[in-house]
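Trainee: I would like to go through a structure with you. Could we take its inner space and then its sheet?

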Amino acid sequence: MLVTALQRSLKTRITLWVLALLLAGMWALVLLAQQRLRQELQLQLQERQMAVATLLGQEMEQALQERTQALQSVAAVLSAALERYPDDLPERLTSRTVLQQMFTGGTFVTDSAGSVLAAYPHTVFHTASALHQGFSSYVQAALGGLTVISHPMAGPDGQYPIVALATPVRGMDGRVLGTLVGLVNLSQPNFVDAVQLLSERQLGDYYVIARQTRTIVAASDRRRVLEALPPVGVNPEMDRFIRGALQESTVAPMGKVQVLASTRHVALPDWMVVVVQPTAQAFAPLQLVQRQILAGALALTLLVVGTMWWLLRRELQPLERIASQLSAMAQGQSPLAPLTAPRPDEISLLVRGFNHLLAQLRQRQQALGESEERYRQAFMTSHDALDITRLADGQILDINHSFERLFGWPRSDVLGQSGPSLQLWPDPSERTPIIEQALAQGYSTPSEQELLTRDGQRLTVRISASLLHLDGQPCLLWAAQDITAYRQASEQIERLTHTDSLTGLCNAQHLSTLLAQAQTRTLERRQLGALLCLDLDDFKSVNDAWGRDQGDALLRQLAQRISTIVRPQHPVARLGADQFLVLLENLPPVLAAHDAQHLAERLQKALAEPLTLAGVQHHASVSIGILVWGESYQEPQELLRRVVLALNQAKNAGAGSVLFFEPQMQDQVSGRARLQRSLREALQKQSFALHYQPQLDTAGQVVGVEALLRWHLPGHGMVSPAEFIPLAEKTGLIVPLGRWVLHQACSQLAAWAQEPARRHLTMAVNVSADQFRQEDFVQQVYEVLHATGAPAAQLKLELTESLMLHDTEQVIERMNALRQLGLRFSLDDFGTGFSSLAYLKRLPLDQLKIDQSFVRDLLDDANDAVIAQSIIGLGLSLGLEVIAEGVETQAHRDLLHGWGCRYYQGYFFSRPLPLRELEDYLRAQAIAAAANT
């Protein structure tokens, strides 16, 4: 009962504790009556003796530390002399006056064998030799790399005690070369002289004792110096002093005499300072004072007990009431409610604190509920398939609606299962790297994986995992995004844009990419390559005689036979119509022409074998043009142009001819040189002009224009861009020419920005690969924008896919820098070049432009139609605008619109116009739009 009351009642515990303390105080007063004066005197003596012992111990520790540091400093200085100039050691010891003052017994230096090399004063040689046996262990310890202090011992003549300090002397490589030893004569003025000073002040007897050797180092009675104390066990009280088992200041027997003793341990040499004084001469009878104190203490005890009981009962009543209310709330007997403060005191502060915490708890519970509801809504309505899996057992704790839709599993069948048990993963081991990465860094990098639906269908998903904790247990939040359609579209575009639909060979665009890559490899290996261009002689007669279907069949047979002859590592492509290309690389320079000639002869022989068309054998012959390349990098189109030129010369020479490309084949070289000179002059005189082709949306509204460069050459007329643009790219003039175009276009864009009816127009400017690769291209664009005042958001740079063939990372970085200026990007002629979806996802693009080669024939060529439709679907899936160029008829426009294309450009709407005609066109468009509204 009493124990239960003590555990539950604070008032009872406080009251009993107070009574116990008061009773203890009463008995303490009885003892105080007997011992008060004695205790007061003892306390004063203890404090004084303890202060003396502490002061003495501190002085000794400081003195020993100063001597140790001084010895080590001198040892560092003597290292060079000991190693190189040992004869200088006596002179160096003599010059160390501070060392002589600290070590009154002298100093000496030993070598690594412990032999004395030098000493100060010289008589220390004899002292060191005489004490060698006693000090040898300390010298050896110093040679081992330690700084040591010896036990006190008698000097060589036995007339005075001595203590030695030894420290190693190290060489430059840290090796111990010897020792430096300092001797302290305890009979001369030293760091223990304070003992004699205290003795003269009659503060008791004092001793400094070496604990390990149980030897008196110093004493108020100098006759006891070096006196050995009784062995262990003879005097237990003394043993307790030396062991440090007694308090630092206490009353203890010393022999037959009761003494007041104070001790202070000196740690560095393991010494102990002891101050003692007999108690008989310090205490006196206190009988009268004891009786007076006893009576007063009893009366005071009774008064305090009664008063304390009344006060505790009064003050703890509100606290008991509050404790009762809190207990009821904790046990659920009453709802959580604010407490009322009985009066303004500490208890009221406690009540206000509780009420404040209660209010905060309610707010946090409300916020937590709202946060959980928001998370639940976001989790369940996310378009990604989400599930939460517990790591401990792999059990799925929750899924969202998208998970059910994507994988076909109802929620009730999934909860409590695991991914492997549902057989979502064809290979469960593929989960392991994702889980390990999520555990290591808190999340995993999204990766493409194949998962299975409930009915076994394979889905391509982009999946990631994030680490989270639910109810203190680690879990993974899996997020899967279905990219099956995107992947299929990407693969289809990849296949259609790289493959010839008739023969299954590479198409010309893909071969251009392979040719550029082959040049890079061949130049690195310092080899050569070759291009063979084959053309079926008189193929037109086959079509005329047998029909186009049979002509296509003949081309397929030829493609198959060529692929059989050529090694797999050498690509074969269909250039167009009845022309084929074979790409050879890594040919030895001395054999390149020979190997190409040999392959051409083999191909002619193989293709001359009879072919069956409509049940009738047909004999074909081919003409072949050969180009050996690899001495320097050339644009793929230039190499293709040269090999086609060689083929044309071979065909002119007669059916079945084989000719190598020769420089003299370029009959137009002189004309091209003249055109190049005229191009430079035109650039200097800025005699170019910009024409603008409108770009319209589905509503027929002009949303922007493309700036197209035009050149009128006096005496020649208009020069086709297809003629002078490649020449400018080849000669490097494309860079200043492109800078001029950009400046002119931005100037016009700035002028339109001042007109409310024009400020919405965008300006598309073509940028060549060479111009974009300029190191300061970003700065050039910034300076043009700054100089012209053109709005950056209305400027759209059109880039070609060939730009991505080299330094893709640098291209992306430069595009991001331009994006920071506010510019937009359009990928021009998409589908004709590199067409890598890997970089397409990373580029900061705004628009894809379908090349006019696909648009022109999409009404007649199913292959072009599929490519155009796929590009539109890909662009829309990536959130990009899609614009088609080369729209020439209403049928083109309607078909593209039906596939989802919303922007158009072409002759159906307008040819490229000079600025004045463009303004007339825009005004006419505005009038027509106003009339329609």
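Mentor: Start with classes: Ala, Val, Leu, Ile, Met, Phe, Trp, Tyr, Cys and Pro count as nonpolar, Asp, Glu, Lys and Arg as charged, and the others, Gly among them, as polar. This is a predicted model, where local features need pLDDT of at least 70, side-chain atom pairs count only at pLDDT 80 or more, and totals for chains, interfaces and linings use all residues. Residues are numbered from 1 along each chain as its sequence is written, and side-chain values use heavy atoms, without hydrogens and water.

Trainee: By class, which residues make up the lining of the largest cavity?

Mentor: A cavity is a set of points on a 1 Å grid over the protein atoms alone where a 1.4 Å probe fits but cannot get out; lining residues have an atom within 4 Å of a point. The largest cavity has 14 lining residues, with D387, F403, L424, W425 and W478 nearest its centre. By class, the lining has ten nonpolar, two polar and two charged residues.

Trainee: Which element gives the largest share of that lining?

Mentor: Strands (E, at least two residues) and helices (H or I, at least four) are DSSP runs, numbered from the N terminus. β12 (385–390), α11 (401–407) and β16 (473–482) each supply at least two lining residues. The largest share, three residues, comes from β12.

Trainee: Which strands stand at the edges of the sheet?

Mentor: Strands pair if DSSP finds at least two bridges between them. The open sheet runs β13-β12-β16-β15-β14, with antiparallel pairing. A single partner leaves one side of each edge strand without a neighbour, so the edges are β13 (396–399) and β14 (447–452).

Conventions
On a 1 Å grid over the protein atoms alone, a cavity is a set of points where a 1.4 Å probe fits but cannot get out, and a pocket is an open set with protein on both sides within 12 Å along at least five of seven lines; lining residues have an atom within 4 Å of a point.
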